[in-house]
Amino acid sequence: HGHFSALYDQLVEVGFNFNKDILYSTGDLTDRGPESHLALSWINKHWFRPVLGNHCEHIIKYQTVNSNKWYSRGGDWHKRLSELDKRNWQAAFLGLPLAIEVETKNGLVGIMHADIPTNNWEELGYLLSGEDGANKQTVKDRINYCLYSRHRYKKTGMGMCEGDTISNVQMVYFGHNSVEQPVVRGNITWIDTFSESGKFTIIEL
């Protein structure tokens, strides 16, 4: 959320090797913080790999998004961009994935922004592509679920899929929900700690 200097300082503090290491992010690179304008340069760094977050989606859909609502939630930096710059940002953020898989020594790790519309990691790809025969609206709803849902975290009982275990993956990391410290349930971890604690959660995979 636009706190890149703080993130960089913390990476240096933990000994991140900018030549060899890779930093994966659960998304939402912009809004709220004072450095949203740096997000475009960050996603072009060879060592930084974020997933798409709901605030990032606003950049992609800036022509149709509710701008008053977005700007009131920290997106007002965007209105100061030229139309050409807005299109360049849009094109860059269109390249961000909804999910990232990382093979680690302990097994496969998944990284997403808000939630996953299944309890089986292997199903995610074809659910989001509609290969299961779903219509366009259902696929759109699934994508929105990945970006916006809080059902699994809050245990509302109203989500597409809930529970503390996702099969065929060792761990899944989410952001989206602000927490003071990482919240671990089963093989799911929520790590969006900066707004509550002033520190990013950085985990070695």
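**The pockets, strands and aromatic rings of a predicted model**

Sorted by class, the residues that line the largest pocket comprise 19 nonpolar, 14 polar and six charged ones. The model described here is a predicted one. The second largest pocket draws two or more lining residues from each of α3, α4 (67-72) and β5.

The largest pocket holds about 960 Å³ of space. Its lining consists of 39 residues, and those nearest the centre of this pocket are Leu23, Tyr24, Ser25, Thr201 and Ile202. Several elements, namely α1 (4-13), β1 (23-25), β5, β7 and α9 (194-197), each contribute at least two residues to the lining of the largest pocket. Strand β5 makes the greatest contribution, giving four residues to that lining.

For the second largest pocket, the volume is about 330 Å³. There are 17 residues in the lining of this pocket, and Asn54, His55, His58, Arg73 and Tyr148 lie nearest its centre. By class, the lining of the second largest pocket divides into three nonpolar, eight polar and six charged residues.

Four bridges connect β5 (residues 171-178) with β7, and the two strands run parallel. Within this pairing, Phe174 is placed opposite Trp190 of β7. Strand β6 (residues 183-185) also pairs with β7, here in the antiparallel sense and over three bridges. Val184 has Thr189 in β7 as its bridge partner. The hairpin of β6 and β7 has two residues between the strands, and in this hairpin Gly186 adopts a positive phi near 65°.

How far is strand β7 itself covered? Strand β7 spans residues 188-192, and five of its five residues are buried. The side chains of a regular strand alternate between the two faces of the sheet. In β7, Ile188, Trp190 and Asp192 point one way, while Thr189 and Ile191 point the other way, and all of them are buried.

Asn177 counts as buried because its relative accessibility is 3%, under the 20% limit. Apart from neighbours within four places in sequence, Asn177 is in contact with Arg150, Tyr153, Trp190 and Asp192.

A further pair of strands is formed by β3 and β4. Strand β3 (residues 100-104) and strand β4 (residues 107-111) form a hairpin with two residues between them. The pairing of these strands is antiparallel and extends over five bridges. Opposite Val102 stands Val109 in β4. Which residues of β3 make up the covered face, and which the uncovered one? The covered face of β3 carries Ile100, Val102 and Thr104, whereas Glu101 and Glu103 belong to the uncovered face.

Attention now turns to a helix. Helix α3 comprises residues 54-60, and Ile60 lies in this helix. Ile60 has a relative accessible area of 15% and is therefore buried, the limit being under 20%. Which residues does Ile60 contact, if its neighbours within four places in sequence are left aside? Its contacts are with Leu52, Gln90, Phe93 and Leu94.

The aromatic residues complete the description. The structure contains 14 aromatic pairs. Among them is the pair of Phe4 and Trp42, which is tilted, with 4.9 Å from centre to centre and 35° between the planes. Phe4 belongs to helix α1 and Trp42 to helix α2 (residues 39-43), so this pair ties together parts that are 38 residues apart in sequence. Phe4 counts as buried because its relative accessibility is 5%, and Trp42, with a relative accessible area of 6%, is likewise buried. Phe4 and Trp42 also belong to one aromatic cluster, together with Tyr8, Phe16, Phe18, Trp47 and Phe48.

Conventions: Residues numbered from 1 in each chain as written. Predicted model: local features only at pLDDT ≥ 70, side-chain atom pairs only at ≥ 80, totals over all residues. Heavy atoms only, no water. Buried < 20%, exposed > 50% of the residue type's maximum accessible area, 1.4 Å probe, protein only. Pairing = 2+ DSSP bridges. Contact = heavy atoms within 4.5 Å. 1 Å grid on protein atoms, 1.4 Å probe; cavity = no way out; pocket = protein on both sides within 12 Å on 5 of 7 lines; lining within 4 Å. Points joined across faces, edges and corners; volume = space filled by probe spheres on them. Nonpolar A, V, L, I, M, F, W, Y, C, P; charged D, E, K, R; others polar. Phe/Tyr/Trp six-rings, centres within 6.5 Å; stacked < 30°, edge-to-face > 60°.
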